[in-house]
Amino acid sequence: MAKMGKKAVHFGAGNIGRGFVACFLHNSGYEVVFADVNGDLIDTINATPSYRVIEVGSEGTSENTITNYRAINSRTHEDDLVDEIRTADVVTCSVGPNILKFIAPVIAKGIDARADGPEQTPLHVIACENAIGATDTLAGHIKDARNTSPERLDSHHLRARYANSAIDRIVPAQDPNAGLDVTLEKFFEWVVDKTPFEDVGIPSIDGINWVDNLAPYIERKLYTVNTGHATAAYHGYNRRKRTVFDALQDKQIMAEVRGALTESKNLLVAKHGISEDAQIAYMNKIIKRIGNPHLEDAVERVGRAPLRKLSRKERFVGPAAEAAENNMPIDYLLDAIEMTFRFQDVEGDDESKELSAIMSDNTPEDVVAKVCGIQATEKIYPRLVEVVKRVQDDSRED
Ligand SMILES: NC(=O)c1ccc[n+]([C@@H]2O[C@H](COP(=O)([O-])OP(=O)(O)OC[C@H]3O[C@@H](n4cnc5c(N)ncnc54)[C@H](O)[C@@H]3O)[C@@H](O)[C@H]2O)c1
Ligand SMILES: O=P(O)(O)OC[C@@H](O)[C@@H](O)[C@H](O)[C@H](O)CO
């Protein structure tokens, strides 16, 4: 039975938003106000008093029923949303790392409208995206002079506090006939940095693991779950597999996934003092999770946005660049990077089309600098140039 009285505004009523974040907020007693730009989705949410979150796995199926929510179109009803943020306890988002700059202006207005005396606790802002420091990125946009007047910055901390998070739960694209229901894996992990909230009170959201130092958690998540997932997806896409599960049935793809995860493990163990045994156990658990036969997770979803995934702090170049600097092996990570560069012109994926144009119009050296953010002085640079050149040469032959 949910406790009542608190309000959360959640940006992005998609898979992880409805299936994970809103579910946990609801179960912790929050009314959830979704903010989204998809008009049909907004209408469906407002016309549907409850939806189900359905957990599937080898242990069987279980369900949660979510109620006590509303939705607002952030494009057409900005003033209403400002007012919701003014009176909210928590703002969360799961819109995609590249969308944070678009949701920042309305959040800034809502924060600016809040009281900054003892009568109102600062808004707690937590971005739930697959990216290192996503809440910091959002906060940077909110505090930008275009969104918050510089004279208001000194007292901004009285109106809002920002905490980074690492969020982990596989939520595939949903059956279009499922309405608002979301089918997802049973496993979840939501880790949040507690330090920015300590003097004003940590929001009571059941299921969050509050920590003092988030860096090892987010790097371990991104460089294991997402590295393994994306390795399976890109190799799978290039071998015409439909889902990640299908991809992992192929022994060569499984070997690529294990290889990439072993290389990222070497770095994580050396860098964060995680024990080798613990990381091997974590890695094996992840391989099992991404191979969940009950999840229909299309390789195109997991491979979406290849330019983001090839960027400097992301799941491949992030660990590979650092491992290379430390003279650790990176052959499997480079194989996965090559498969990512081959993820071009995929139906419905704008970044894959942009990638194709970038590959046609630039030298390999420029591609590596522009897409991966890697400089010529870095050890990984010549190997990335080689990878890009190979993909470009193959495209010219086709
Ligand atoms: N699906 C997963 O397994 C999973 C797990 C962990 C983290 N994540 C992260 O969560 C984020 C969202 O992923 P998802 O799978 O839920 O994607 P999704 O596409 O299902 O949902 C994104 C939602 O954001 C909305 N949106 C887009 N632009 C917006 C804007 N300007 N304002 C408000 N809403 C906007 C979209 O309409 C959509 O409803 C990503 O950063 C992803 O990496 C996803
Ligand atoms: O959301 P992305 O595009 O960063 O990555 C795709 C998937 O790997 C991702 O959504 C996973 O399902 C999720 O990160 C599991 O926690």
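In this predicted model, an N or O atom in the side chain of Asn130 lies 2.8 Å from an oxygen atom of ligand 2. Such a pair is a polar contact, meaning N or O atoms within 3.5 Å; within protein, one atom must be able to donate a hydrogen and the other to accept it, and residues adjacent in sequence count only if both atoms are side-chain atoms. Residues are numbered from 1 along each chain as its sequence is written, chains are lettered from A and ligands numbered from 1 in the order in which they are written. Local features need pLDDT of at least 70 and side-chain atom pairs count only at pLDDT 80 or more, while totals for chains, interfaces and linings use all residues, and side-chain values use heavy atoms, with hydrogens and water left out.

Two further side chains reach ligand 2. A polar side-chain atom of Asn226 is 2.9 Å from an oxygen atom of ligand 2, and one of Arg308 is 2.8 Å from an oxygen atom of this ligand. Ligand 2 is surrounded by 14 residues, and the closest are Asp168, Lys221, Arg304, Lys309 and Arg315; a residue counts here if one of its heavy atoms lies within 4 Å of the ligand.

Arg304 also has a polar side-chain atom 3.2 Å from an oxygen atom of ligand 1. Backbone atoms take part as well: a polar one of Ile16 lies 2.9 Å from an oxygen atom of ligand 1, and a backbone N or O atom of Arg169 lies 3.1 Å from one. Around ligand 1 there are 26 residues, with Asn15, Ile16, Asp36, Glu129 and Val171 the closest.

The helices come next. Helices are DSSP runs (H or I, at least four residues), numbered from the N terminus. Two packed helices are described by the angle between their axes and the distance between the axes. Axes are lines fitted to C-alpha atoms over the stretch in contact, and angles run from 0 to 180 degrees between N-to-C directions.

Helix 7 (residues 215-238) and helix 9 have axes that come within 9 Å and cross at roughly 165 degrees. That makes helix 7 roughly antiparallel to helix 9, the term for angles over 145 degrees, whereas 65 to 115 degrees counts as roughly perpendicular. The crossing of helix 7 and helix 9 is right-handed; the near helix is then turned clockwise from the far one by less than a right angle, and anticlockwise if the crossing is left-handed.

Helix 9 also packs against helix 10 (residues 276-290), at an angle of about 145 degrees and with the axes 10 Å apart. Helix 9 passes helix 10 in a right-handed crossing. The contact (heavy atoms within 4.5 Å) includes Met254 and Val257 of helix 9 and Gln279 and Ile280 of helix 10.

With helix 13 (residues 317-325), helix 9 (residues 251-272) crosses at roughly 70 degrees, the axes coming within 9 Å. Helix 9 and helix 13 are therefore roughly perpendicular to each other, and their crossing is left-handed. Ser264, Leu267 and Lys271 of helix 9 meet Pro319, Glu322 and Ala323 of helix 13.

How values were computed:
Helices (H or I, at least four residues) and strands (E, at least two) are DSSP runs, numbered from the N terminus. Angles under 35 degrees count as roughly parallel, over 145 as roughly antiparallel, 65 to 115 as roughly perpendicular and the rest as oblique.
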